Structure formats: C-alpha cells, structure tokens
Amino acid sequence: MNKFFGYILTPFHYLYFGLILVIFHPIQWICLKLGGYETHKRSVDILNWFLTSSYYLLGNRVRFVNHQHLPTAHPIIFIANHQSMYDIPPLIYFLRKYHAKFISKIELASGIPSISFNLKHGGAANIDRSDPKQSIAEILKLAKSMNDKNWSTVIFPEGTRSKTGIMKPFAVGGIATILKKVPHALVVPVAINNSWKMVQYGSFPLRAFTSMSWEVLEPIHAEGRTAEEVVKAAEEAIRNKIIANPI
C-alpha cells in the first residue's frame, strides 16, 4: 500500500517541493542583499519549514525530539547518521536557533535552486573530495566561524547515505579537524530513523505513509578526550537509538 499510494502522491510532492525551491531562490537573494546574514537565515529557516511540510503530502510523519537543554551561544557539533537527502530540511529547521551549518559536497553548491544559493552564501563548508587541501581549508573556515560567531555544524560521519537504514562506521576526519580549532565545542549526537524508507523504491515512487524521526541525544563533552573517543561515543549513542530491524 505504501508503494501504491506513493505512485499517486509523489507527483504532488515533487511539484510542491520544486515550486518552493524556485520561489525561495530570489527571496534568499533579496533577503541577503537587503538584510544581510540574519534576514537571509530567516528566509532559509522558512524555506526548510516548507520543504519539511512537503513530506506530509505523502502522508508521512515527521517527529523531531529534542529534550536536551543545549546552549544557543556556544558552538555545537551535531553528529548524525545519514539515511537520505530528506534528513536535511528537518535538521535545518528544528536546529535553526543553533545556526547549524553543513559540510557539503562542492557539487551541490551550484545548479540547484535555493539549496545551492544557501550553501554558497549561508556559511556552509563546500568541500571538493578530490582536493584534500581545499577540503581542509573549507572546514577550517567553518571552524573559525564557529569560534567567532558561535555557529554550529552538522556532520554526517558515515560519508555517504545508508540506503537500508543500517549504519556505516563513522569516520573521524572532519570532526577531528574542527575539534582541533574548536576544542570547547559541545558534541551532540542525532539519531535519524526511517528517512531511508522515503526513498526505498528510488526517486519514484517515494514511499507514502511512513513515520520518520529525528532525536537529539545527550551531549558529549569533548574536552579531555581524543577525537576518536568522542566519535566512538557518538556512534554508539546513535546505534543504540536506531531501529534494530529497519526492514
């Protein structure tokens, strides 16, 4: 039934999703030119509210749980597992007060309405995976912004999306680079469940009537611990929250 209704509802989702991206591209440009960073950020927050709402057109459920009392004027490294591109809009919207920026593939910073504009001008680290020097320079630039502006970042240490919901091992690299420059950063795991099911059948049809969740877990204090220890602790915390049999 999920697939059957997916065939019916997916076109409405894509039409709405694409329309929102096209509409907010010039809105972002105007907000950035006239109001600077803060106004642009508000437009991005609203954009991602609309993008998240597109999931409901498929009858899907979005549940974001955050019972943690996290500081808003302190840099945070949010570490999350990665199941689909649909992980991202809820993270941007529900973590908006923490000014969370993404480490993204440089290819995404061009050609996509709204998304590319935000990646270029919103403070993200857009890395070229074939160029280690450029990647490190981008991550260091983000780390500087975290220190100077108390921004946060969201990192997917698996490196690629899990198409079955089963977590891959976490890599330390980017997190270690940031922790060297922002050793006082708070590390916060985020467990994402079932967003992979939305693309279980590929890009068409999208799966309908799926319950997805994002849960912010207990912070990990990085000071006095190695990056490897911090990442291992985050990985274990997330694994303990991932549905044991996602199929």
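The legends below describe close-up views of one predicted model.

In this predicted model, local features need pLDDT of at least 70 and side-chain atom pairs count only at pLDDT 80 or more, whereas totals for chains, interfaces and linings use all residues. Residues are numbered from 1 along each chain as its sequence is written, and side-chain values use heavy atoms, with hydrogens and water left out.

**View 1**
Strand S5 spans residues 152-155; strands (E, at least two residues) and helices (H or I, at least four) are DSSP runs, numbered from the N terminus. In a regular strand the side chains alternate between the two faces of the sheet. Both faces of S5 are covered, with Ser152 and Val154 buried on one side and Thr153 and Ile155 buried on the other; buried means under 20% relative accessible area, exposed over 50%, and partly exposed in between, with a 1.4 Å probe and protein chains only. Strand S2 (residues 76-80) pairs with S5 in the parallel sense over three bridges, pairing being assigned if DSSP finds at least two bridges between two strands, and Phe78 has Val154 of S5 as its bridge partner. Strand S3 (residues 100-105) is also joined to S5 in the parallel sense over three bridges, and here Ala100 stands opposite Ser152.

Asn150 is placed in the loop between helix H4 (132-149) and S5. Although Asn150 is not a glycine, its phi is positive, at about 60°, and with 28% relative accessibility this residue counts as partly exposed.

**View 1. The loop between S6 and S7.**
Lys197 is found in the loop between strand S6 (186-193) and strand S7 (211-216), and it is buried, with a relative accessible area of 15%. The C-alpha atoms of Lys197 and Met1 are 14 Å apart in space, while the two residues are 196 apart in sequence. Asn194 belongs to the loop between S6 and S7; its phi is near 75°, a positive value in a residue other than glycine, and Asn194 is buried at a relative accessible area of 11%. Pro205 also has its place in the loop between S6 and S7, and the peptide bond that joins Phe204 to Pro205 is cis, with omega near -5°.

**View 2. A nonpolar surface patch that includes Phe204.**
Phe204, found in the loop between S6 and S7, counts as partly exposed at 43% relative accessibility. Together with Met1, Phe4, Tyr7, Ile8, Phe12, Tyr14 and Leu57, Phe204 forms a nonpolar patch on the surface, with about 860 Å² of accessible area together. Accessible areas come from the Shrake-Rupley method with a 1.4 Å probe.

**View 3. Helix H6 and its buried face.**
Helix H6 (residues 227-239) has 13 residues and reaches 18 Å from its first C-alpha to its last, close to the expected 18 Å, which is 1.5 Å times one less than the number of residues. Ala227, Val230, Val231, Ala234, Glu235 and Ile238 of H6 are buried. Seen down the helix axis, these buried residues fall within an arc of 130°, so they line one face of H6; the arc is that of the directions from the axis to the C-beta atoms. Glu228 and Lys232 are exposed on the other side of H6.

Technical notes: Patches are made of residues with over 30% relative accessible area and no salt bridge: like charges are joined within 9 Å, nonpolar side chains (Val, Leu, Ile, Met, Phe, Trp, Tyr) within 5 Å. A salt bridge is a side-chain nitrogen of Lys or Arg within 4 Å of a carboxyl oxygen of Asp or Glu.
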